Every structure is written in C-alpha cells, then in structure tokens.
Amino acid sequence: MDLSFTPEEESFRDEVRSFFRDKLPARLSTLVREGKRLRKADMEEWHAILNERGWLANHWPGQWGGPGWSVIQRFIFDNESALAHAPRVVPFGVNMLGPVLIKYGSEEQKKHWLPRILDGSDWWCQGYSEPGAGSDLAGLKTTAVRNGDVYVVNGQKTWTTLGQHADMIFCLVRTDATAKKQEGISFLLIDMKSPGIEVRPITLIDGEQEVNEVFFTDVEVPVANLVGEENMGWTYAKYLLTYERTNIAGVGFSIASFERLKEVAQSQKKGGRALADDPLFAARMARVEIDLANMQTTNLRVLAAVAGGGAPGAESSMLKIKGTEIRQEITALTRRAYGSYAAPYIPEALEAGWNGEDVGPEDAAMAAPSYFNNRKLSIFGGSNEIQKNIISKAILGL
Amino acid sequence: MNFDHTDDRRMLADTLVRALRDGYPIDTRNAGAYSDVGYDPAVWQQLTELGIVSALFDEAAGGFGGSGFDIMVVFEALGRALVVEPFLGALMAGRALAAAGGHDETLAGIVSGETIAAFAQEDGATPVTATKSGDGWTLSGTKAVVAQAGAASVFVVVIEQDEPLVFLVPADTAGVSVRSYNVVEGGGAGDVTFDGVTLGADARVGGEGQGQAIVDAAVGAGLLALSAEAVGAMEFVKEATLGYLRDRKQFGVPIGKFQALQHRMATVLLEIEQAQSAVINAASAFDGDDAKARARALAAAKYTIGRTGALVAEESIQLHGGIGMTWEYAVSHYAKRLVMIDHQLGDEDHHLQRYIALG
C-alpha cells in the first residue's frame, strides 16, 4: 500500500497550484476566504477564467470541452481549488445538467446547450424539489401536458438555489399521472423568461436569499426541450444525483476552513491564553482534525475503487454523511471560538464589497451566519437520513 | 418531595404564558427583535404592567418574589415565546443594586419597568479600567456585546479585577457611547465605550469587599434566567417538531412513522427533561445558604443547556428539513436563540471547567 500520489499526479498538482497562483484574482480568493457572499458577476468571472484554461467542466469528455482527467486528478483539482480559496463552480449547468445531456441528450441538444454552459450564456438552476416532494422526490406533482409542439407546465418547485440569477431551469415534471410514480416523470429544459413563470425568494435562517420558489402557470415549453424519452426522467434524475454527490465530501473545503479555525483559535484568548491552548477547545479541534484526516483517506479509497471510470455509487452516500458532519462541526467550532462576538448580526458585513468597521474581531460577523447556513449541508442533495437508507439498502443489503 | 410550584407562582406563570400566547405571535416578536432598538417598547410596557419584573425581586427590593423558582417560571415563559424585551438586563442590573444596597431610586425604576438597565461585564479589545480621580472615578475602555445596550438608560458596569469594582453609569453621562446592533437571533446589544468618563463617588455600587458578592448575585441570577429561558424555548421547539413529524407526509405516511426519526425525537425529549432538571436543581440551590453548591448548580445548568440547546436546535432543523432553514418559520429563530444562548455569560466549556474547579 502506498498513500502517496504518483509522480505524474504530483506534477499535475503542481500545475494546478501554479494555475491558482497565477490566475485566481486575489479579490475573489479574499472574499471566499473570509466567507463573504459572492455576487453573480464574481461567480461568472471565475467560470470564465476556468473555461479559458479548459478546466471548467473537468469531468466532461474531451469531445465536449473536458480536459480528460482521471477521478484522482479531479479530486486533486477540487482539493487545490478549495485550499486556494477559489470560488466553487456553480454546479447546476456544469456538474448536473452537463453529464445528463452528454449521456442522454440528443446531438442537437448537446451542440446547442453544452457550449452555452461553458461560455456562461446560460445560468442554469435545478427544478427538482417541490413543497410535497422533498426526500420523496418521486412524489412530485408539477405536470407537463403535451399539446402539439409544446408541453404545458403547471406546478411549483422549491429550494431552487440561485434561481434568481437563472436563464434556464431543468425540471422534473409528471407526464403520466396514471403510471407508477417513478415511471411518469420526464426531464424538461425550461426558459426562465417564459410567460407564466414567477420566482419568489425564500429568506433563509441567516437572512440570505439564496433559494427560491418557482411557480409555473400554463408555461409553454417546446417539445424539443424534452431530454431523452418521455417518462424516462427518473433514470436521468438518479444519474444526475450521483454526479451531484461526487465531490460532496468537500474535503478541500474542510481543510481550508479548518486552517481558518486554527488561526482564529490562536488569536482568540481565553483566560489569558490562546483559545487553542484551552484543553477542552483543543480536544474539540483535535477530534475534528482526526476525523478529517480519516475522511481524506476514505474519500481517496472510494475514488481509487471507482478509478476505472464513472461516478461512485452508494459509497458517495458515506462521503456525503461524514463529509457534511465534519464541515458542520468546523463551522460550529468557528462560531464557538468567537465567544460573545459571534453574536452581533451585521448583515452588511456578509456582502462582498463591504468596508465598514468590524464589531469585534475581523470576520467574527461571518461565523454564526455561516454555521446556521451550513445546517443545509445535511439536508440538501438527499438528506443524510436518505443517504443512510441508501447505505442500508445498497451496501448492507438490509 | 414536591415538584409543584406554589399557587401564586403558578398563577404568575399562567398569566404570563397567556399574555404572550395571545399578544406576542412570532411576527410581532420578529418585528421588534430585528428593529433598530431590538425590542418593542409597547410590549415591554404591557408586560411590566403585569408585574413581571417585580416578580424577579423580593419585597426588600420593591418586588413581590425574587426566589430562584420565580426567576425560573418567568424566564421559562419568556423563552417559550422567544421574548427579546430587556428582562435580563433588569434582572442582572437590579440584582446587583439590590445586593449592594443604595441607589434605591434607580432600583425602583428598574423594578417598575420604567428604567431600562443593562449589565456590562465582559471586556472588549480595550478592557474598561477605573482610576481614582479626586473623590470619584474615571472609566476608560470598552465593554463587549452588552445585551440591550442601545435601549438602556443606565448601565451597571463591572470592572474586572481581583476584587471587582461595580459602578452605576447613566447612559447619557458625558463620554459614554454605544455602538448598538442586533444579535443573530434577534434582539439588541451593543459595545459600550467609556472615554474618560468621570463619575462621582456615589456612582460606586457597594463598598470595599462587596464587589464579588454583587457580581455573584447578578451573574448567578443571569445564569439561572438564561438556563430557564433555554428550557422554555426547547419546549416550544419540541412541540413544533413533534407537530411536523405528525403532519408532514413523505412516501405516503407521516414522517414520524419512520423509526430513525422516532428515536432521534425520543433523544431530544429526554435531553430536554434532563435540562429541565438541571434548571430545577439550579433554582433550588439559588436560594440556599451554600454558596459553593449554588455556584456549582448554576454552572451545571448553564453547561447542560448549552450542550442540549445546540442539540435541540440542530435536530429540530434537521427533522424539519428545508422548512426549518427558513426565516419565515418560527423554529429557525428559536434554533438560533438556543445556539446563541451558549455565547452569553460563558459557554458550555467554560461552565464545565468552572464546575470542575468548584468541585
């Protein structure tokens, strides 16, 4: 057994590092490091830089503009990206819709939509969850009824992340109300500017407007925007969800935020010494650091097992559960580390471009909102309870 | 053994719970909680007219209660409704003045609810120091995250040193400034800066050798109040989460039918019961003669509710799923309070260490 990267992987990592050093604007990495909320233009700027290098859609085949990386290379890239405090790639077009179109889309759809994902012409959002269909996603009720050359869509989607910026939404819709619930679903691409669409923001626990409700009233969608076959949408949806989970462990994010935590624990004082030297706090930090080191190897073991190609299956559920628990624990410790000064709520301080005077230590204002915001990690993308169901069924055979 | 409250105390609790249930829905609460001043003065007036502050003080201080169990029932009811009005400042500042004697007029104003008071102890980046100047004192430095600082017309200020010095400082004294803000879960707080504030000798609260006892009286009452408030908030969250488990259907059944969720809810229930017991222990010891037993029980209670508060908050959000993450839904604000209460008057680690040190 040898845990080190191969010389080729090492030199790939060096190449990736020098890319981040040369091409990642300091303004963006500062915002990410400080935990500020990025604006649409910030995310688009980073996409354009990655796309110029050909690294935006790093798991797409070369034919469609991907770099042809192995899963280990992708892991290295994602890790280095987080360590460099690069903005995360907005996943909806690149990581979710892209793979579905490549596997199930028509040639016309691929030629039309894939380049537009890469060059930023379309900002995509995801129309999966509904008020009555969360963990039970297949219980969705939004309908699409064929009428000549169009589908007429009625219903409601919710938790639509960054839908306020979106040009397009990919939606799961019910096209056969009489079939078994998984068998009457289709996968439609819908223009957000269509008449009959209304987007209403949902304010989250930390005051951020990150997710939305999307209402559809007699929205007409060209039949050409059906992906694959009618009533086969559940198959595509499941395929998409495995991609959504590929990097869900977020090891790189955890390493980066743990480094920040160590800095905070050094600068914060408790009883006349650094908080990092307080035995109880030090024990909390050590536990999560060990968990994280273990997680890193678990992640690599899973990737090595699937290195032959494709996305990990039920193993990604393990990565999701443990990875999100670790990320949440680090945000909890960071909040805890600021003591009283985690309490002031300075919403302006969370936004990019704010230059006001801090209350208490620099960046303290981000700690509690970030902790509360990250409670979502164990809920979205299939809640951790659903992941445990998958493990029970697919791995344990129970 | 009898775990029932006295009739008087039960009536007090019932009156308060009813008034809050009818007159303090979450929208009213949030409108005050996230306003500039961080509370609703009209609500404050209504509640103080019911005698809620008076219940926190004994007759010698102008009230009609003041025992540990009085503090417990009042703050449990306030916690259950997620009240942000400045009761904690009244309790802590008032108990400090009552323990010291003197400053009767200010104390009477606090007990009646006419005077809003804040208790300023924790130091900011520049600790507050007091230097003798003539007969009086000069204060300089900043107190950090003082609850309800922006609303207060008087501060009880603790100068942290071996034998603490305590001062009563009107907010309009020359050289006193407040940077006020909301806190994450709603409510007001602020950093209070003393820029060479000159005080007369009469600003001193208590005399030589009294400082620690005054601080213990105020902080002890504050710890009991926060612990009871947390248990009240936990009770609300438990009921809301149970309701959701019964009502929300996925896969054709209420999600409360899933054993994985049942067991987690059962853990939440028993940890809340343990927290309730911790508060009862603390309220009982609060009035006892054994100062060390009192301090230990208070540390135990604050430790317990810090740990359990985070558990209840995190589990209630998780069991709700996305809806628990929304601003619109009351549980999210309760969850924030239950987590952030651990950032007031020392967190669970602090109180665990204190408990050990007192052992």
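This is a predicted model: local features need pLDDT of at least 70, side-chain atom pairs count only at pLDDT 80 or more; totals for chains, interfaces and linings use all residues.
Let me start with the domains of chain B. The assignment gives three: domain 1 at 7-115, domain 2 at 118-203 and domain 3 at 211-358. Take domains 2 and 3 of chain B. Their C-alpha centres are 30 Å apart. Where they meet, domain 2 of chain B contributes 10 residues and domain 3 of chain B contributes nine residues. Look at the domain 2 side of that contact. Seven of its residues are nonpolar, one is polar and two are charged.

Now the database annotations. UniProt, in an unreviewed entry, places "domain: Acyl-CoA dehydrogenase/oxidase N-terminal" on residues 6-88 of chain B. That span is 59% helix and 0% strand. Its end C-alpha atoms are 23 Å apart. Chain A carries an annotation too. There, an unreviewed UniProt entry lists "domain: Acyl-CoA dehydrogenase/oxidase N-terminal" for residues 6-120. In chain A the span is 68% helix and 0% strand, and its end C-alpha atoms lie 35 Å apart.

One further annotation on chain B. The label "domain: Acyl-CoA oxidase/dehydrogenase middle", from an unreviewed UniProt entry, covers residues 128-195. Here we find 0% helix and 66% strand. The end C-alpha atoms of residues 128-195 of chain B are 10 Å apart.

On to the strands. Which strands make up the open sheet of five, and in what order? Reading across, the order is β11(A)-β6(B)-β7(B)-β3(B)-β2(B), and the pairing is antiparallel. At the edges stand β11 (344-345) of chain A and β2 (129-133) of chain B. Each has a single partner strand, so one side of each has no neighbour in the sheet.

Inside the sheet, follow β6 of chain B, residues 176-183. Seven bridges tie β6(B) to β7 of chain B, residues 188-199, and the two run antiparallel. One bridge pair there is B:S180 with B:G190 in β7(B). β6(B) also pairs with β11(A), antiparallel, over two bridges. In that pairing, A:P344 has B:V183 in β6(B) as its bridge partner.

Chain A has antiparallel pairings of its own. β3 of chain A, residues 150-157, is joined to β7 of chain A, residues 211-222, by seven bridges. A:Y151 has A:V221 in β7(A) as its bridge partner. β7(A) also pairs with β6 of chain A, residues 197-202, over six bridges. In this pairing, A:I202 stands opposite A:V211.

Back to where the chains meet. How many residues does each chain give to the contact? Chain A gives 32 and chain B gives 30. On the chain A side, α9 (279-305), β11 and α11 (364-373) each supply at least two residues. The largest share comes from α11(A), with three residues. By class, the chain A side has 17 nonpolar, 10 polar and five charged residues.

One residue to look at here is B:H343. It sits in the loop between α10 (330-340) and α11 (348-358) of chain B. Is B:H343 buried or exposed? The cut-off for buried is 20 or more other C-beta atoms within 10 Å. B:H343 has 23 C-beta neighbours inside 10 Å, so it counts as buried. What does it touch? Beyond residues up to four places away in sequence, B:H343 touches A:G339, A:S340, A:A342 and A:A343. For a sense of distance, take B:G51. It is 292 residues from B:H343 in sequence, and 29 Å away in space, C-alpha to C-alpha.

Last, the cores. The largest nonpolar core holds 167 residues. Which members touch the most others? They are B:A96, B:V156, B:F167, B:L224 and B:L338. Helix α7 of chain B, residues 211-247, gives the most to this core, with 15 residues.

Let me close on B:L338. Setting aside neighbours within four places in sequence, B:L338 has contacts with B:A230, B:A233, B:M234 and B:V237, and also with B:G309, B:A310, B:V312 and B:A313.

Methods: Residues are numbered from 1 along each chain as its sequence is written. Chains are lettered from A and ligands numbered from 1 in the order in which they are written. A nonpolar core is a set of buried Ala, Val, Leu, Ile, Met, Phe, Trp, Tyr and Cys residues joined through C-beta atoms within 7 Å. A residue is buried if 20 or more other C-beta atoms lie within 10 Å of its own, exposed if 12 or fewer, and partly exposed in between; C-beta atoms are placed from the backbone. Helices (H or I, at least four residues) and strands (E, at least two) are DSSP runs, numbered from the N terminus. Two residues are in contact if their C-beta atoms, placed from the backbone, lie within 7 Å. Two strands pair if DSSP finds at least two bridges between them. Domain bounds come from an automatic or database domain assignment. Ala, Val, Leu, Ile, Met, Phe, Trp, Tyr, Cys and Pro count as nonpolar, Asp, Glu, Lys and Arg as charged, and the others, Gly among them, as polar. UniProt positions are given in the numbering used here, feature names are shortened, and annotations may be inferred rather than shown by experiment.
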